[in-house]
Amino acid sequence: MARQNFIGVVVSQGKMIKTVKVRIEKKKFDARINKYVFLKKDYLVHDEAGVSREGDLVRIESTRPLSKRKFFSIAEIMKNKGQQNALYEQNAKTQIMQEENIKTQEFLNRRREQQENSDISLVSDVMVLKQYYQHQNGSSSASSSSVPQELLNKVEEIKTRYNLNDDLSSDSVKKLLTLDLESLKQKTLNKTEKLLDLHATLNELLQDDAKCNKILTTYMNVEDPESLKKNIKKNILRKYLLKSVDNKEVDI
């Protein structure tokens, strides 16, 4: 007696050991509606080698009952579309990872170049000032006529860039070297103070419901501030405070 054979598509794989789900479609004429309809039925199929993938077109045949619901096994993989899709997906993931690594490396290289350029610019400015001092000390007269005009122009640019005094002293090089650190320290302190002030102001607003609702209604276009949850109201107020500080128009 010939065994039953069906051709179907693997719709689920990897959820059960040595078992896949195969969907069989049949075309049948329905006399009640006078048209052909497609009937679908899913079978649990035994896959001993575990080589089939979701999307493969397979031929299954009946076998002895292997479990309560499994009495078919894979006889042939006719088209391995699922394996091709899995390979394409793996290649796509690898390509995306490579592109992300390249972009990350380019970003790090750009940042390193910017840092090196800033350091080189600072060192070159110091070398220009050193050359200027050598001309000043080497010449018998202290007049600027003994210094080349090109060097004088560079010194003027350095004084303008770093806000140095017109009368360059021997401490100008030290000032130039410590200028970036001092400015960075001052910016950090200002930012910390601003954040602390915003945090304190935000807590005060959350305790005063009337003022809080007025700000939400007037400036943030919130129709019903009473219905907002506390965390949402806090986020909206934080945005208002940050925007107000940027515009230097804090109205509390």
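How many aromatic pairs does the structure hold? The model is a predicted one, and the structure holds five aromatic pairs.

**Aromatic pairs**

One of these pairs joins phenylalanine 6 and phenylalanine 72. Their ring centres are 5.7 Å apart and their planes stand at 55°, so the pair is tilted. This pair links distant parts of the chain, since phenylalanine 6 belongs to strand β1 (residues 5–16) and phenylalanine 72 to strand β5 (residues 70–79), 66 residues apart. Phenylalanine 6 is buried, with a relative accessible area of 15%. Phenylalanine 72 is buried too, with a relative accessible area of 2%.

Phenylalanine 72 also pairs with tyrosine 43. Here the ring centres lie 5.0 Å apart and the planes are at 65°, so the pair is edge-to-face. Tyrosine 43 is in strand β3 (residues 35–46) and phenylalanine 72 in strand β5, so this contact ties together parts that are 29 residues apart in sequence. Tyrosine 43 has a relative accessible area of 12% and is therefore buried, the limit being under 20%. Ring pairs link Phe6, Tyr43, Phe71 and Phe72 into a cluster.

A ring contact of another kind involves tyrosine 36: the charged end of lysine 27 sits over the ring of tyrosine 36, 4.9 Å from the ring centre.

In soluble globular proteins, nonpolar side chains tend to be buried together. The largest nonpolar core in this model has eleven residues: Leu198, Leu202, Leu205, Cys212, Ile215, Leu216, Val222, Ile236, Leu237, Tyr240 and Leu241. The elements that give two or more residues to this core are α3 (172–207), α4 (209–218) and α5 (230–247). Of these, α5 gives the most, with four residues. Another core lies apart from it and has ten residues, including Phe6, Val22, Tyr43 and Phe72.

**Salt bridges**

A search of the whole structure finds six salt bridges. Three of them are set out below.

| Salt bridge | Closest N to O distance |
|---|---|
| Arginine 3 and glutamate 61 | 3.5 Å |

The salt bridge between arginine 3 and glutamate 61 comes first. Arginine 3 lies in the segment before β1 and glutamate 61 in strand β4 (residues 57–62), so the pair ties together parts that are 58 residues apart in sequence. Arginine 3 counts as exposed, at 53% relative accessibility. Glutamate 61 is partly exposed, with a relative accessible area of 21%.

Lysine 18 is in the loop between β1 and β2 (19–30), and glutamate 48 in the loop between β3 and β4; the pair links distant parts of the chain, 30 residues apart. Lysine 18 is partly exposed, with a relative accessible area of 39%, whereas glutamate 48 counts as exposed at 51% relative accessibility.

Arginine 59 counts as partly exposed, at 24% relative accessibility. Salt bridges that share partners join Arg3, Arg59, Glu61 and Glu76 into one network.

Terms used: Residues are numbered from 1 along each chain as its sequence is written. This is a predicted model: local features need pLDDT of at least 70, side-chain atom pairs count only at pLDDT 80 or more; totals for chains, interfaces and linings use all residues. Side-chain values use heavy atoms; hydrogens and water are left out. A nonpolar core is a set of buried Ala, Val, Leu, Ile, Met, Phe, Trp, Tyr and Cys residues joined through side-chain atoms within 4.5 Å. Buried means under 20% relative accessible area, exposed over 50%, partly exposed in between (1.4 Å probe, protein chains only). Rings of Phe, Tyr and Trp (its six-membered ring) pair if their centres lie within 6.5 Å; planes under 30 degrees apart count as stacked, over 60 as edge-to-face and the rest as tilted. A charge sits over a ring if NZ of Lys or CZ of Arg is within 6 Å of the ring centre and within 35 degrees of the ring normal. A salt bridge is a side-chain nitrogen of Lys or Arg within 4 Å of a carboxyl oxygen of Asp or Glu.
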